[in-house]
Amino acid sequence: MTDAPSARWSGRIRALLPERGAPRALVLSTFVGQTGSGLLLPVSALFFTRSVGLSAAQVGVGLAVAGLTGLAAAVPAGRVADRFGARGTYAAALAGQALATASFALVHSLWGFILVTCAAAVAERGGAAARGAVISGVGVGEARVRLRALLKSVTNAGLSIGTALAAFALAADSRAAYLTVVLLNACAYVLAALPLRKVPPVRPAPTGEAVPARRTVLRDRPYALVTLICGLTSIHYDVLSLALPLWIADHTSAPEWTISAVVLANTVLVVLLQVPFSRGTGDVDTAARAVRRAGLVLLAGWAAIACAVLTSAPLAAVGLLLAGMVLHTAGELWQSAGGYGLSYELAPDGSHGEYQGFFSLGRGVTGVVAPLALTTLLLAPGPDWRPVGGWLLLGAVVALIASAAPHAARRARPAPATPVVPRVTKDPALTQESV
């Protein structure tokens with residue numbers, strides 16, 4: 001007889017696994033590609049400065065130009081996916097990322113670096129928009145959001161594994177080691193395209209005079225407002241990657257190993273809990289409420305993190321930081337899940353590539369402006385009350401923006417499709433009275 005607790009645990013584990021067929025293929029593709037990205041992520045800056053010979057300022061300029069180029073390419077790439085098929089566009093984007101990444105081995109100047117980095121950014125943004133359209137064709141409603149949440153968990157797992165493996169190249173600190181990582185990353189993108197053969201193609205949007213004009217995302221102001229809300233509330237990613245490590249190191253009494261502890265806690269919680277936190281967000285109203293809830297929870301988490309500066313006891317500081325990170329992660333999970341649901345459910349059929357490309361702009365623009373905003377608010381020099389006030393102000397602003405999500409989502413909800421009634425031409429002979 002099966003033990004009840006073990007049966008429950010096995011059921012929970014099966015619930016976290018993707019279904020056979022297209023969902024499992026997308027999970028495998030994502031895991032392989034993100035593991036390759038994780039390999040290059042901690043190595044790239046050292047490769048460009050120590051091996052290619054660029055200065056840190058030149059690397060910053062090149063990445064900034066590439067980031068803006070990628071943002072400009074997001075919507076056009078989504079339109080290509082809608083017009084010619086999302087699966088093929090996604091596979092082509094992965095091939096483009098592989099080619100651009102491999103080309104880093106040939107870079108020896110700033111202009112070459114900018115050119116290749118821009119090509120890589122366009123391929124990455126185009127692939128993200130096309131992948132969003134692919135996901136829209138694999139499932140609907142709750143199943144679609146669950147798959148997107150599962151892919152986020154897999155992304156975090158792949159990045160973590162790749163980052164851990166990159167330690168070998170960092171220890172070697174040689175051009176040969178860095179080139180090996182670059183080429184392995186390029187190969188990972190090629191391998192990531194192979195499982196897409198098991199994903200059914202998404203039918204391209206129909207064209208022709210008989211087809212009603214599709215909604216254009218650039219004219220869809222309610223959807224743009226939802227994009228802005230979700231983009232601004234996604235600043236929690238930048239808080240985790242930029243502000244929090246510097247806050248812990250420079251403003252609190254916690255030991256520096258706490259930085260690794262809180263980041264690891266966030267990674268593990270996201271991998272384990274993103275799918276459960278996404279339940280129900282396939283519905284527009286539930287997704288919008290999740291975004292609103294995320295704003296309040298992020299405010300609470302950042303308040304706890306800010307309070308760590310008020311104690312001189314290292315153990316107390318660590319406790320406050322970990323408690324704040326648990327709340328921060330809960331806010332991240334709800335914000336991500338709500339954003340996934342809104343981005344898909346508010347987009348009209350046949351335009352998911354274009355709409356997903358546009359939706360990514362919210363996060364992209366926030367990532368560009370966040371460093372200046374966070375360093376000004378959270379890392380300001382002077383008395384401790386200034387950065388503490390900055391944490392509270394940031395949380396209050398994010399909570400206020402998130403509170404507008406339900407109203408914005410109701411305005412952006414697509415109108416019901418109007419059935420097309422065939423036009424009938426009357427025969428004059430049939431309208432004459434019989435004599």
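A: Start with R50 and D173, which form a salt bridge with their closest N and O atoms 2.8 Å apart. The pair links distant parts of the chain. A salt bridge here is a side-chain nitrogen of Lys or Arg within 4 Å of a carboxyl oxygen of Asp or Glu. Helices are DSSP runs of H or I with at least four residues, strands are E runs of at least two, and both are numbered from the N terminus.

Some ground rules. This is a predicted model, in which local features need pLDDT of at least 70, side-chain atom pairs count only at pLDDT 80 or more, and totals for chains, interfaces and linings use all residues. Residues are numbered from 1 along each chain as its sequence is written, and side-chain values use heavy atoms, with hydrogens and water left out.

Back to the pair. R50 is exposed, at 56% relative accessible area. D173 is partly exposed, at 36%. The classes are: buried under 20% relative accessible area, exposed over 50%, partly exposed in between, with a 1.4 Å probe and protein chains only.

By the salt-bridge rule the count comes to six. Side chains of opposite charge can pair when their charged atoms come close.

Next, R79 and E354. Their side chains meet in a salt bridge at 3.3 Å, N to O. This pair also links distant parts of the chain: R79 is in helix α4 (residues 56-84), E354 is in helix α14 (residues 352-378), and they are 275 residues apart. R79 is partly exposed, with a relative accessible area of 33%. E354 is buried, at 2%.

T216 joins this site. T216 touches R79, E354 and Y355, not counting residues up to four places away in sequence. Contact means heavy atoms within 4.5 Å. T216 is in the loop between α8 and α9 (221-233). The C-alpha atoms of T216 and E354 are separated by 8.2 Å, although the two are 138 residues apart along the chain. T216 is partly exposed, with a relative accessible area of 29%.

Helix α14 also holds Q356. Q356 counts as buried at 10% relative accessibility. Leaving aside neighbours within four places in sequence, Q356 is in contact with A129, G132, A133, Y223, S343 and Y344.

Now R144 and E345. They form a salt bridge with the closest N and O atoms 2.8 Å apart. R144 lies in helix α7 and E345 in helix α13 (residues 314-345), so the pair ties together parts that are 201 residues apart in sequence. R144 is buried, at 6% relative accessibility.

A nonpolar surface patch of about 390 Å² is made by F31, I161, L165 and F168. Helix α7 (residues 141-172) gives the most to this patch, with three residues. L165 is found in helix α7 and is partly exposed, with a relative accessible area of 43%. Patches are made of residues with over 30% relative accessible area and no salt bridge; like charges are joined within 9 Å, and nonpolar side chains (Val, Leu, Ile, Met, Phe, Trp, Tyr) within 5 Å. Accessible areas come from the Shrake-Rupley method with a 1.4 Å probe; for residues, only the protein chains shown count as cover.

T267 is in helix α11 (residues 257-277) and counts as buried at 17% relative accessibility. Leaving aside neighbours within four places in sequence, T267 is in contact with N156 and S160. G88 is in helix α5 (residues 86-103) and is partly exposed at 47%. The C-alpha atoms of G88 and A130 are separated by 8.6 Å, with the two 42 residues apart along the chain.

Finally, the whole chain. It has 17 helices and zero strands. Buried residues make up 47% of its 435 residues. Among contacts with a separation of 6 or more, 86% come from residues 24 or more positions apart. The chain exposes about 21200 Å², and carbon and sulfur atoms supply 67% of that.
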